[in-house]
Amino acid sequence: FLFDIVQTKPLNIFFKNSTNTPLPAPWPCNSCVVPKKQNIMNSKRIGNIGEAITLAKFVEKGIGVYIHFGDNEKIDLIIELNKQLYKVQVKTSNRLEQGCLIFNTRSSRSGTKETVLYTEEDIDLYACYSLITKELYILERRNFPQSTVSLRVENSKNNQLKNVKFAKDYTLDKFLTFKRC
């Protein structure tokens, strides 16, 4: 769990004399505050967690990683694999619905309700990190043109297999096995 320390209310400190009567504190108590732990998991923080973990997992696997400067670019990272560069957009999710991990693979314009889909010219790969499974899934953009991606982690109730995208088939290790052949 990630927490922020925030100031919340003045600390009421009283000193008591021999008759147990409260005396004023020798310093201004209104400037004293009690730190409060507060769980703040907004979309920006969730995205930062995903980018940091994705970067670490790539480095751990010996993949060259190039980081851009700035915040509003279409590319989060560029990786080098087998002397080829891949433009990567990192997506992070804490959603599990009906046995599927859900990743939004679109961009939101800050301050507006406008969303934009990434094109094959924009990016090559989605690196999708799940806060639920703690796994990194690599999806080639050309195979996932939709704005939301569902990766199944449980069998469906009707045991359908046709056109089902299982999360286990898109792990970083599976991607590297395929790309390094």
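Is Asp169 buried, exposed or partly exposed? Asp169 turns out to be partly exposed, with a relative accessible area of 37%; here buried means under 20% relative accessible area, exposed means over 50%, and partly exposed is in between (1.4 Å probe, protein chains only). Before going further, a word on the ground rules: this is a predicted model, in which local features need pLDDT of at least 70 and side-chain atom pairs count only at pLDDT 80 or more, while totals for chains, interfaces and linings use all residues. Residues are numbered from 1 along each chain as its sequence is written, and side-chain values use heavy atoms, with hydrogens and water left out.

Asp169 has a charged partner. Its side chain meets that of Lys168 in a salt bridge, at 3.8 Å from N to O; the term covers a side-chain nitrogen of Lys or Arg within 4 Å of a carboxyl oxygen of Asp or Glu. Lys168 counts as exposed, at 56% relative accessibility. Searching the whole structure turns up seven salt bridges. Another one pairs Asp173 with Lys61, at 2.7 Å from N to O. Asp173 sits in helix H2 (residues 172-179) and Lys61 in the loop between H1 and S5, so this contact ties together parts that are 112 residues apart in sequence. Helices (H or I, at least four residues) and strands (E, at least two) are DSSP runs, numbered from the N terminus. Asp173 is partly exposed, with a relative accessible area of 43%, and Lys61 is partly exposed too, at 32%. Then there is Glu140, whose side chain meets that of Arg142 at 2.6 Å, N to O. Glu140 is buried, with a relative accessible area of 15%. Glu140 and Arg142 also belong to a network of salt bridges that includes Lys179.

Next come the rings. The structure holds three aromatic pairs. For a pair, the rings of Phe, Tyr and Trp (its six-membered ring) need centres within 6.5 Å; planes under 30 degrees apart count as stacked, over 60 as edge-to-face and the rest as tilted. The ring centres of Tyr118 and Tyr126 lie 6.2 Å apart with the planes at 75°, so this pair is edge-to-face. Tyr118 is buried at 7% relative accessible area, and Tyr126 is buried at 1%. Phe144 and Tyr170 also make an edge-to-face pair, with 5.5 Å from centre to centre and 80° between the planes. This second pair links distant parts of the chain: Phe144 is in the loop between strand S13 (136-140) and strand S14 (148-152), and Tyr170 is in the loop between S14 and H2, 26 residues apart. Phe144 counts as buried at 1% relative accessibility, whereas Tyr170 counts as partly exposed at 22%.

On to the strands. In a regular strand the side chains alternate between the two faces of the sheet. Two strands pair if DSSP finds at least two bridges between them. S6 runs antiparallel to strand S5 (residues 64-67), joined by four bridges, and Gly64 has Glu80 as its bridge partner in S6. S6 also pairs with S7 in the antiparallel sense, over five bridges, with Leu77 opposite Val88 in S7. The hairpin of S6 and S7 has two residues between the strands, and there Asn82 takes a positive phi near 55°.

Elsewhere, three strands form an open sheet in the order S8-S9-S14, with antiparallel pairing. Strand S8 (96-97) and S14 stand at the edges with a single partner strand each, so one side of each is left without a neighbour in the sheet. Two bridges join S8 to S9, and Leu96 stands opposite Leu101 in S9.

Finally, the pockets. On a 1 Å grid over the protein atoms alone, a pocket is an open set of points where a 1.4 Å probe fits, with protein on both sides within 12 Å along at least five of seven lines; lining residues have an atom within 4 Å of a point. The largest pocket has a volume of about 1000 Å³, a volume being the space filled by probe spheres set on the points, with points joined across faces, edges and corners. Its lining has 33 residues, and Gln89, Lys91, Arg106, Ser108 and Tyr118 lie nearest the centre. H1 gives the most to the lining, with six residues.
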